Amino acid sequence: MCLHRTFVLLAVLLLARMAAADAQPQGEHSAMMPAVAGPATGLADSAGLRATVFGTPPQQMAPLPDRVPLSEIDIKLPWANPVPDVFWFNKKLRVWFSAQDKPAPLAIVIAGTGGDGNTSKNATLRGVLYGAGYHVLTMPSPTFPGFIVAASSTGVAGDLQQDSHDLYAAMQAIVARLPRRVKITEIDVLGYSLGGANAAVVKAIDAKEQKLHIHRAVMINPPVSLFTSITRLDRLFAISIGTSNEDIDRLYRQLYAELANLYRASDKVEIDEEFLLGAAAVVLKTDAEFSAAIALTFRLDLVNMFFAGDLYARTGVVVDPNHPPKVGDPLEQTELRLRQMPFSAYFSRVFAPYYLQRRPNSTSASLIADNRLDIIADALRTDGDYYAQTNSDDLILDKAELLWLEKTLGSRIVVYDHGGHLGNLGDRTQIADMLEMLAGRWSGPRS
Amino acid sequence: MIIARPHGLLGFVGALLLAGCASNGLEIRSLPPATPAADNAAAAANAEALAAAMADETTNAAAKATATDAGNAPADRPPLFTPADAPSMRTYDPFERLNRFTYRFNARFDDAIFLPLANGYRRLPLSVQTATHNFFTNLDEVKSVINYVLQFRLRYAVRTLGRFVVNSTIGIGGLIDVAKDIKMPRAQTGFSDTLATYGVHPGPYLVIPLLGPSTLRDGIGFAGDYGINWAVNVGDLYRGSYWKAAAIDIPWAVDARANVDFRYYATGSPFEYQQIRFLYVRKRLIEDAGLRRYSRPTPPPAGAEAGQ
């Protein structure tokens, strides 16, 4: 039995289902979707939402190697802030490394929002990259609490430049201490979702600082404006779940009843992964349910980021800066309050107050502008070593942003018709294209 | 939950703790190799089985719907849960402070001792791992048989007894799971389920040292199962010196740990304790509802926390 995945599935199921009654006609759900939904937004596209929730079907996965050697590296970074008691388990940054036994290029993979270094998406990329002859280092997102505590110089995650600087410094520290037998011929970076944007900015920083001599960067489903993307996710949550804890409670009760009924109708003697996979397929069916699952996944990541940010920035929204919680303290009320907080609250109550104070002449508007890929637009336009892959129905991009990416990267971006947000990561075409990009063999999208 | 029998492990733990674990700025741990191709093939097989089952379900559902329309709904249908019957999102945890410290102890123990042992075990040839796992699983059938009898679920009791007999003989003392291949899949139960059948609620949430997330009833159930094993004493494995106990219990625990894909604080989150608590108790409550399949669900009393 695979307990962890069972729990994750149970979590998704128990927390992430539309509270509406079961069998509403499809039309009513579409009417509930945001008015902004356009052809490139994906918010109203069933296929895109479904792909985002369920990911690439195993049958469509790119070929994967039989065995990939793996080690876990825990590293203490000197610039990290003192570790608060409540985060005692995050003292060191944890990354995963797979070494070839001959000289090879190193691919550094960065996870998306809230992801650790060993997400299933990172593991998929590790498999294909190792199979293609790379050493592979997979890293957490700078928004993962383990990174915020052990590797962030501020503790307030979500700033594209600051986070990428911290990532770059962490990469240097790790690469310098890899075992001597590992021979690296060149370094490439890639990342998915927010990690894609981080990867590109890391390469841009390296172009100035020249510490790692990063060759190529590939962004998979990157955001263009962090602020626009989070606003879309907030709206997705408000529309598919609601805004209060009562809404979450209703969602939970509905789902609990449904799972209990499914379980009683089955001949199972315990809840296992098989049952939950089947239940997921039965319970998650409509656009609104997919939306709720996606929105809730992001919200649970935000809860961690918000908590850490509030603690480090001493903004006092949910954590009393003078009496931070200790190991034995109950945190249920704190989590309940945080669950109602959208990304916009994180921005206005933690992120902006913190950075406005530290960056003279900055304004909320300038912070928003600084968190766009525009900050490296020149490099993206002129340096032929930046690449991107995305989908026309990716829900974190609007149409203007997709156009901006296409105009800026020219033939170095490929836009697939379907896949939603990361729903085709690992499929044969995406991987074949990604490997061509990383190796510099990419000659533009096939028409 | 994490291991089945801590008995005999304690001395061993002390020795390992004394051996100490180096902790400077950098620690590189070699893990068993990843097997992406095999993992994906397994996922594909799962997906196909699921699709087939779903297709079946759709056909059955259609048949049932027709039956209902005709006014003769099948009588064997369990009464339905409604959202009002769901337990509170809050969990009954009067020992929370102690539990949280135990959770931390378990996390540290796992990281320093349990997981390294399990990772070492996972480097053994797959055939050795499978045989070991089958052996211990087979021993576990004994308490399942007795508990099924206590629960008056005789069909399962007979099947499980059948599995035990087949696997212990043809399966060479349980090393090979022959029964699975002749359509006798494993279905385990325990004394906690027996208590649940008689209407005992899970009670307070409890994090047991080394065992992990549990409830008072599950803790008692665990002790009860141990008692059953002691009383039956299959193959004289359950009585005797501490050395003998350790020789059985340590491989048992390591095998159990190696088969659980859970990593303490992989979430990096300070809320992990309460999230696991939430999921563990809901999982058990739904399983309880399955044990009393045909009883009508009753809404929990106002203000009651889950498990109370």
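Which residue of β7(A) does M219(A) stand opposite? The residue is A388(A). This is a predicted model, in which local features need pLDDT of at least 70, side-chain atom pairs count only at pLDDT 80 or more, and totals for chains, interfaces and linings use all residues. Residues are numbered from 1 along each chain as its sequence is written, with chains lettered from A and ligands numbered from 1 in the order in which they are written.

**Strands of chain A**
- Helices (H or I, at least four residues) and strands (E, at least two) are DSSP runs, numbered from the N terminus.
- Strand β6 (residues 214-220) of chain A is largely enclosed by the rest of the structure, because six of its seven residues are buried (20 or more other C-beta atoms within 10 Å of the residue's own, C-beta atoms being placed from the backbone).
- β6(A) runs parallel to strand β5 (residues 184-192) of chain A, with five bridges (strands pair if DSSP finds at least two bridges between them).
- Four bridges link β6(A) in parallel to strand β7 (residues 386-391) of chain A.

**Between the chains**
- Contacts (C-beta atoms, placed from the backbone, within 7 Å) involve 59 residues of chain B and 65 residues of chain A.
- α2(B) supplies 11 residues, the largest share of the side of chain B that touches chain A.
- Strand β1 (residues 68-75) of chain A and β1(B) run antiparallel, joined by seven bridges.
- S71(A) has S30(B) as its bridge partner in β1(B).

Methods:
A residue is buried if 20 or more other C-beta atoms lie within 10 Å of its own, exposed if 12 or fewer, and partly exposed in between; C-beta atoms are placed from the backbone. Two residues are in contact if their C-beta atoms, placed from the backbone, lie within 7 Å.
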